[in-house]
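Here's a quick walk through one protein model, with the sequence and the structure to look at as you read.

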Amino acid sequence: MYEIPQASAEQLSFQQIGKYSEQLPNTMILAINERAEIIQCNSLFLKETGYTAADILLRSIQVITDSERFSNTETEGSAALEQFQQLSVEPFPLALNKASGDLLRVTCMPILNKAETGGNYMLLLLHSLEPLSGGSLVQQFGETMLSDDHIGVILLDRHTRSIIDINPLASQLLGFPKTSIMNEILMKFFANAPNEYALICQSLDEGIPVRNYPLTWIFEDRHTELLMDVGLLHSPPGGVAGAYIIFKDVTNLRSLEKQVLRSDRLAMIGQVAAGAAHEIRNPLTAIRGFVQIFRKTTIERGMNKEAEYTEIMLVELDRINELVNEFLMLSKPRKTMNEWVNVESVMREIMPIIASEGLLYGVTVSWTSEGQLPFVTADHEMLKQVYLNICKNGIEAMTQGGELTIKGYTAGEGKERSLVIDFTDTGPGILESIIDRIFDPFVTTKANGTGLGLSVCQRIMHDFGGSIRAVSTEIGSCFTVDLPY
Ligand SMILES: Nc1ncnc2c1ncn2[C@@H]1O[C@H](COP(=O)(O)OP(=O)(O)OP(=O)(O)O)[C@@H](O)[C@H]1O
Ligand SMILES: [Mg+2]
């Protein structure tokens, strides 16, 4: 039921009536105030008369009926409403002017009500004397479609391009209650989707239906992936009289599709990386061996400068080796140890490393756990690597110093129970442009970064049946790592 926008005295006491009025299948409802202005109506009323809510709200009831019964209400206010009620104990016939100019004959049952905040208002229950636009089995089928909440349905008039009817899911998509949409032009709600609007108009004009047209509907930051059909309704002498638009929400399907694509891509990167890594490692071993021999010789001959160079070469070679190992980690099926791991002891081992790294960046690091943490089935060394990587990222993000807070706790029950560790930093948060890809390999914003850290972490956690999620705000990022136990 549509209520007038500003908080009026009458409005409060309508709330319950408003709720039920939309559920009455055959009763049109109007409410008028002491000045005989229409202050409420239900959507059946709009549907049967063709008005929009904006056309009639706060307008005199005489806009929609020529009946003399209401003529003195406007001037005499509350007293007139009471008098009106006394005269009208029985329902009386009334002719309503529809938006089209035709008449709709109804019986009208007035009910006088006291507003909770004082004053009177009158409810008019209207029953059409003509068959409502519903009745035959086919029409009932139409009505059922219009109440289905799995698909969105909009009925359109061809000539006015206005919305004749709409179901709950579609009005939810458009972002307005049904009573604010009925009989309004479609254009009003498709301002952000001009291409789709043009397509619908073209379909109406040329009489060609649209099938499974994919679109992303955006309303107030909510993205919904839809498939749209436009079907045509023909009038008996031929020609298109209107159309129905059907939306199917396929958001879940689309994100599944994206996930499949992503894992395909990762698998391919993995294969390439594994091949390349293997080929790089062999010559690397040879080079490293010779450099070691050089180093020994240079030291023996007192060639200090050269000895220093070979030292640097070895360090750099080890860096390459580490990188190559990480490639292999990403791709090759590895032997992981499935042992009982005490996460508290993992944290105890890495805390000194993290704390000293933190010192470099002016970051204070704290670790707390809620009670005794359970043991998990994992690999001690690999868990260390995951936690270290995430801490390192957090510390590196806080270039101006800050706090890295690590918290361990348990969550969920039964099969769902897990050991969770939150790593919260007070850095600038993850860059918007990469937030969806931080777990992909080679995604990095750092001059010396490989972009492999998080993808390796994720791979490891998946191997142990766990997961990593990231949440980012302007006051920092939080990485949540969980493991089943
Ligand atoms: N705590 C964090 N705060 C802000 N951004 C982060 C955070 N953690 C990760 N990122 C972003 O995600 C990117 C990818 O991280 P990842 O660990 O995979 O690679 P990297 O840190 O750039 O390189 P590497 O780990 O090899 O040094 C980072 O470059 C950074 O932009
Ligand atoms: Mg990293």
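## The biggest pocket

Start with the largest pocket: its lining takes at least three residues from each of domain 3 (254-331) and domain 4 (339-484). Those domain bounds come from an automatic or database domain assignment. A word on ground rules: this is a predicted model, where local features need pLDDT of at least 70, side-chain atom pairs count only at pLDDT 80 or more, and totals for chains, interfaces and linings use all residues. Residues are numbered from 1 along each chain as its sequence is written, chains are lettered from A and ligands numbered from 1 in the order in which they are written, and side-chain values use heavy atoms, with hydrogens and water left out.

The volume of the largest pocket comes to about 1,300 Å³. What counts as a pocket here is an open set of points on a 1 Å grid over the protein atoms alone, where a 1.4 Å probe fits, with protein on both sides within 12 Å along at least five of seven lines; lining residues have an atom within 4 Å of a point. Grid points are joined across faces, edges and corners, and the volume is the space filled by probe spheres set on the points.

## Who lines it

There are 44 lining residues, and Asn389, Lys392, Asn393, Thr450 and Gly453 sit nearest the centre. Two or more residues each come from helix H10 (304-331), helix H11 (343-361), helix H12 (380-397), helix H13 (453-463) and strand S18. H12 gives the most, with 10 residues. Helices (H or I, at least four residues) and strands (E, at least two) are DSSP runs, numbered from the N terminus.

By type, the lining splits into 18 nonpolar, 14 polar and 12 charged residues. Ala, Val, Leu, Ile, Met, Phe, Trp, Tyr, Cys and Pro count as nonpolar, Asp, Glu, Lys and Arg as charged, and the others, Gly among them, as polar.

## The mixed sheet

S18 also belongs to an open sheet of 5 strands, ordered S13-S15-S16-S18-S17, with mixed pairing. Strand S13 (363-369) and strand S17 (467-473) are at the edges with a single partner strand each, so one side of each has no neighbour in the sheet. From one strand to the next, the twist averages 15 degrees. Axes for that are lines fitted to C-alpha atoms, for helices over the stretch in contact, and angles run from 0 to 180 degrees between N-to-C directions.

Inside this sheet, S16 (residues 418-425) and S18 (residues 476-484) pair antiparallel over 7 bridges, and Val420 stands opposite Asp482 in S18. Two strands pair if DSSP finds at least two bridges between them.

## The antiparallel sheet

Another open sheet of 5 strands runs S8-S7-S11-S10-S9, and its pairing is antiparallel. Its edge strands are S8 (163-166) and S9 (210-219), each pairing on one side only. Strand S7 (residues 151-157) meets S8 over 3 antiparallel bridges, with Leu156 partnered by Ile163 in S8.

S4 (residues 92-97) and S5 (residues 103-114) run antiparallel, joined by 6 bridges; Phe92 stands opposite Cys108 in S5. Their hairpin has 5 residues between the strands, and Gly101 there takes a positive phi near 100 degrees. S5 is also joined to S6 (residues 120-128) by 9 bridges, again antiparallel, and Val106 stands opposite Ser128 in S6.
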